[in-house]
Amino acid sequence: MADPLIIAGRTFESRLLVGTGKFASPQVMAQVLELTRAEIVTVALRRVDLDAPGDALIDAIDKQRFLLLPNTSGARDAAEAVRLARIARAGGLEPWVKLEITPDPQSLLPDPVDTLLATEQLVKDGFVVLPYMPADPILAKRLEEAGAAAVMPLGSPIGTGLGLRTRDQVELIIDQAGVPVVVDAGIGLPSHAAEAMEIGADAVLINTALAIADDPMTMARSFRFGVLAGRGAYLAGPGSTSRRARASSPLTGFLR
Amino acid sequence: MMPTPADGDWVAGTPPEALLSNEDAGRVRRVLAKRRKTVDDFALLLSPGGEQILEELAQTARQITLGRFGRAVQLYAPLYLSNHCVGLCPYCGFSAKQSIGRRTLDVGEIEVEAMALKETGMSHVLLVAGESPGRLDIPLLADIVRRLKTMFCSVTLEIAPQDQPGYAQLVQAGADGITLYQETYDEQRYHRFHHRGPKADYAFRLGALDRAGAVGMRCLTVGALWGLSPWRSEAYHLGRHARKLQHSWWKSQVSIGLPRLHSVPSGFDIPFPMADRSLAQVIAALRIFLPDAGLVLSTRESPVLREGLVHLGITQLSAGSKTEPGGYTRAGQSGEQFPVTDDRSPAEVASSLCALGYDPVWKDWDPAFGRRQS
């Protein structure tokens, strides 16, 4: 593996993480997963019943091939998120959690304070914690200090598909990060994913853009290539860009 | 410290008739192009000019719904606890004036009903009871909620308006939401239909969801009963009410129920019958004005209409509903609130959603939410 993504000591070839909400069916979701070549797939605990055998969503995911990353979508505060994560672990899932604390069900924006509190608690409990967070560079460092295995700043609000509206802050987060940076939420197009990867994000997480495309399969392939293209460009080390023309034959070359 | 809302804190006010009667489709198109919609824009979406471009409204509403809710529709079912009612609402099958078989289930009977409902696959349950002081008081309802929370991922209630301590007890017991329809926002007309008994207090009803929101109730569902008043001004008030609740109780999920009068007790004529087309316009306008609100459609409506309206913005459907107490285990032994038009089983509703390209979601909540102690 030439360019692996490493989170909490675990190695992944793919830098595209996929969410499982909003799909037309678990079958469509499973096919999309396949085509993205993702290896990490996140599932909302509120949508699954770990006590009942044969949960359609869980069963649609091949646990041998994908890391099933439970998320705490719907949790309003740290206490609820911690409780959900513990229930998931008790239900037999791996002790990994994508922490989502969204007190406002309208905007679904993450609560910075409770996200930090819950990260501290869950790390203490032995979880590998990947917090969804506002694109705030200081919060990213605080989460890292608290033991987060990665940070997941938002590109724009969930489901909006507006792209990397937080680009400047995400760049600061990437510059300072000691853990992988996964851009989560708001990525609506493969070009947005490529942009995030070009500026040095370690990975992106895509859900709505895949689930609601007219043709989710083609969109899945396109995102796969978007992420690869962006990562490739980042590794290639692009020349600096400028808004002004740069002549290849300088006008002042004759001067001695 | 949470603010304590006064009863009737939210005042319906006078609807902007000039906007609601706008005939210019061009003005509505300009609203569609705007990023942020004001309440005046909402009135224009509801206008006859909006009706002229209903397909454009519907397409816009669909795109918003897909982005926010995806291709998922949540299923729920009501569980009627009692049809005893002191109310005299002339449009309702439970009105005290109706001679029907009356019944209030005891806790054991409720658990048996709940088991039967659970076996159909339901995980979201809405407990419904008529208004009958002394029969199902708050401590008893709290006990019922506590028991049913062990069986369902979400337990919500549609009961008479309560005071704030009452709602606090229900939250403490694990209740996830309150559904309360104002019936009509037109105060004069409201008093015409509800002139006696506890329901005559318009303001106490109007302030109820604020009292529930103030004590942390997670889901607040508002609604008007279509048919009692002209639909455009009703929808306008309803949209404003929902938006006010979103602003005041920003941690609560605000949804809008859309019950429409079809079949009513004899002797009552529906004053303003609402056409399917108008219901569709209301749904599209609400979705465009309030992109994040849940929109709920019950089995009062036909399968064909429900399936069509899912594309426009409906996010929750009831299924397999029985509207009489005991209906899931001993149907036909007591009077129902209204006859259901969509009598398909939950499994049939789910498979029709699949065929339409939607994922029927049985569980979209978790018992871990809202519990006060770990």
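F369(B) counts as buried, at 1% relative accessibility, where buried denotes a relative accessible area under 20%, exposed one over 50% and partly exposed the range in between, computed with a 1.4 Å probe on protein chains only. The model is predicted, with local features requiring pLDDT of at least 70 and side-chain atom pairs pLDDT 80 or more, whereas totals for chains, interfaces and linings use all residues. Residues are numbered from 1 along each chain as its sequence is written, chains are lettered from A and ligands numbered from 1 in the order in which they are written, and side-chain values use heavy atoms, without hydrogens and water.

Rings of Phe, Tyr and Trp (its six-membered ring) were paired if their centres lie within 6.5 Å, with planes under 30 degrees apart classed as stacked, over 60 as edge-to-face and the rest as tilted; over all chains, this rule gives 8 aromatic pairs. One of them joins Y190(B) and Y202(B) edge-to-face, at 5.1 Å centre to centre and 75° between the planes. Because Y190(B) belongs to helix 9 (residues 187-193) of chain B and Y202(B) to helix 10 (residues 202-206) of chain B, the pair ties together parts 12 residues apart in sequence; helices here are DSSP runs of H or I with at least four residues, and strands runs of E with at least two, numbered from the N terminus. Y190(B) is buried at 0% relative accessible area, and Y202(B) is buried at 5%. The ring centres of W365(B) and F369(B) lie 5.0 Å apart with planes at 70°, so this pair is edge-to-face.
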